[in-house]
Amino acid sequence: MKFSLSWLKDHLDTDASAQEIADKLAAIGLEVEEVTNPADALAPFKVAKVLTAEKHPQADKLQVLTVDAGTGEKIQVVCGAPNARAGMVGVFGAPGAYIPGSDITLKVAAIRGVESRGMMCSARELELGEDHSGIIELPEDAPVGTAFTSSAGLDDPVFDVNVTPNRQDAMGVRGIARDLAAAGIGTLKPLAVPQVEGSFPCPVPIRIEDPEGCPAFFGRAIKGLKNGASPDWMQRRLKAAGQRPISALVDITNYVMIDLARPSHAYDIGKLRGGLTARAAKAGEKVLALNEKEYALEPFMTVIADESQVHDIGGIMGGEDSGVSEATTDVMLEVAYFTPERIARTGQFLGLTSDARSRFERGVDPEFLDEGLAILTGLILDICGGEASAPIRAGQPALQKRIIRFDYGRTKALGGIEVPEQRQCDILQSLGFEVNGGDVTVPTWRRDVEGPADLVEEIARIIGYDQVPSTPLERAPGIAKPTATRSQLVERRVRRTAAARGLDEAVTWSFISEAEAAAFGGGEWRLANPISEEMKVMRPSLLPGLIAAARRNLDRGASTVRLFEIGRRYLADAEHPTLGFIFAGERRARGWQSGKAQPFDAFDAKAEVVALLDAAGAPVDNLQVFPDAGPTWHPGRSATLRLGPKTVLAVFGELHPRLQKSLDAPAGAIGAEIYLDAIPAGRQSARTRPAYAPPALQAVSRDFAFIVPADLAAENLARAIRSADKAAITGVRLFDRFEAPEGLSLALEVTLQPADKSFTDEQIAEISKRVVAAAEKLGAHLRS
């Protein structure tokens, strides 16, 4: 929200500088985005007096002026303004000055043969108004040679404050002034509420048919007004706030909204048919809003309508058909209370934002209806003239005074600040709370304050968070006990292992598009208010984000991509911690030894998965490879790693061609997902590693070549051989695969480790028999 320093001082009596105010706002929790001064752009312009005005020798509509700008010399200026004359005081721009309204930089130039050394400026040229009929005329006693901004009172810094969603009271200048006064930056001025007596009954009846969306609707009519331009002081303030002045009536409603956080609306009575009703929209109804867009309405939306049509999307935006114009003479004012939940839902559904919505969905003060209507009416009568009717009211907002029982010791316990009880009471009272001993009544404009902790926060931010002392947490004597959970330790180990193996960690969004989620079986969780349609679904897999990251890196010249991420998959039952990785591009660059560049394959993914599972503490020797990896993966080039047929620890392989096409994945990309929460906890309870004890005797290795069925997995054969003698056999490794005439041949190296004494030939022969027998159970036989 933007506002100027002079606007703030309408509510705050203070001598503090703009920088001091900005620092204090930041200290009390109102973040200041920036402080700017529009006068900085007009700094080169000076107050100047026209000494002489002579007719231009070559042009009837031009004059040659002699100007005194306080420099001690007479400056010649060619001017076409009809009001330029000797003796007048105006605004002079010297060569080098930038004219914002014309987007030009002045320079010495000849105009119709006469040299001109500057310009006497109009209001439009300096963007101070729309008047371009003549140059600016200043009072005769304006000091010549001084800065124009100082003499005209334009030196008015503008604050841009980022208001958090819970601070509805800070959406008005007065609310910010109240906070500053409580923090010691001046004194809050009383709010002047005019007493406007109506001289005739209101001709436009109002009623409420949707009390859930609009509990209260107040209004009154004003007739015989003139809707011209708003005063210059109001236009300057609205421009400072980022508003475009339109007309007096529109500007006044905008001014009250920013000044007091009280949105309102004015209807042209001549465009209404009958009374106004706050009701729920009907199916199929549409409204042409003031932004010149048509919106289809839904029954859960609250609207303001007359007997013939909808004229207002309640609390968000008025309608074009009943909007005020220069020809408007009679208006009906609306000051209503709309429930925040209804406003938020309507705005999100329609994708429609407005200044009114930003205030109503935070929650405006429900008790500020009569006062708001009176202030709005008073400004209109002062600026536009006319005659006001008696106010009329429909409904009443729910005014539930919340009383919080407060223990002043909680400020020390929760906030860590020692504040005297009387000082706490003074702070709360200065913020609008009513204090009666330990009972604190919350003001109606602070719907965010619900309990004692909120009161502690109010006191702490006004005292200053910088006053909270740095206090170390109490620590038990002795060696600190580990605090990391098993899940955290597992993630830490696999993260370090992945990085040590040359993978780069990525962090991608947890939200993906509907199309990306559908490629992985669809997402179970969708955001009601997503950032965009491309970030609507909570990801069921980490691969979509990694695929997009890999593509971006390859598009920017990377020859190889090895990315991993540790995050959460969001499935129907719960969140699941997962490690995902993707390899794309070249596994090995081209070279004189290896020839062409070599791509990644499914075996690279398997090796990485096994290494990471080993780091996570999984029993990798017991892992089984199952070929069915699912529709996401390339059939025949992917698999799962499991402990038994049901416990899936990981899935790996090459992405399915259909998936590569739909997600624009790199060609030949391989990936994997390791389900960290599926890894069983180890049996070892001690936190220290067992001491390494190398075997005392030398190991013995024997090679076996088997003719095996074509569908027998080598891993299954190796596992069967290993189980033939678990005490003696410490390793089984496949070292050859050969297509023999009699069938598929697999050659394995079996490592035997003696314990107390070396194996005899008879013992080795016995173990060999058991190895062959184990293989024969799977349909294999020794190759002759």
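Helix α12 (residues 452-463) buries Leu455, Val456, Glu458, Ile459, Ala460, Arg461 and Ile462, where buried means under 20% relative accessible area with a 1.4 Å probe, protein chains only. This is a predicted model, so local features need pLDDT of at least 70 and side-chain atom pairs count only at pLDDT 80 or more, while totals for chains, interfaces and linings use all residues. Residues are numbered from 1 along each chain as its sequence is written, and side-chain values use heavy atoms, with hydrogens and water left out.

**Helix α12**
- Those buried residues of α12 pack against α2 (18-27), α4 (173-182), β27 (403-405), α10 (410-415), α11 and β29 (439-441); contact here means heavy atoms within 4.5 Å.
- Helices (H or I, at least four residues) and strands (E, at least two) are DSSP runs, numbered from the N terminus.
- With 12 residues at 1.5 Å a residue, α12 should span 16 Å, and its end C-alpha atoms are 17 Å apart, which agrees; the expected span is 1.5 Å times one less than the number of residues.
- Just after α12 comes glycine 464, with a positive phi of about 115 degrees.

**Glutamine 424**
- You'll find glutamine 424 in helix α11 (residues 421-430).
- Glutamine 424 counts as buried because its relative accessibility is 2%.
- Leaving out residues up to four places away in sequence, glutamine 424 touches Phe406, Tyr408, Thr411, Val419 and Ile459.

**The three-stranded sheet**
- Three strands make an open sheet in the order β27-β29-β28, with antiparallel pairing; two strands pair if DSSP finds at least two bridges between them.
- At the edges sit β27 and β28 (434-436), each pairing on one side only.
- From one strand to the next, the twist averages 20 degrees.
- β27 and β29 are joined in the antiparallel sense by three bridges.
- Arginine 405 stands opposite aspartate 439 in β29.

**Helices α6 and α9**
- The axes of α6 (residues 248-260) and α9 (residues 370-384) come within 10 Å and cross at roughly 140 degrees; axes are lines fitted to C-alpha atoms, for helices over the stretch in contact, and angles run from 0 to 180 degrees between N-to-C directions.
- On the α6 side, the contact is made by Ala248, Leu249, Ile252, Thr253, Tyr255, Val256 and Leu260, and α9 brings Ile375, Leu376, Leu379, Ile380, Ile383 and Cys384.
- By class, this contact has 12 nonpolar, one polar and no charged residues; Ala, Val, Leu, Ile, Met, Phe, Trp, Tyr, Cys and Pro count as nonpolar, Asp, Glu, Lys and Arg as charged, and the others, Gly among them, as polar.

Notes: Buried means under 20% relative accessible area, exposed over 50%, partly exposed in between (1.4 Å probe, protein chains only).
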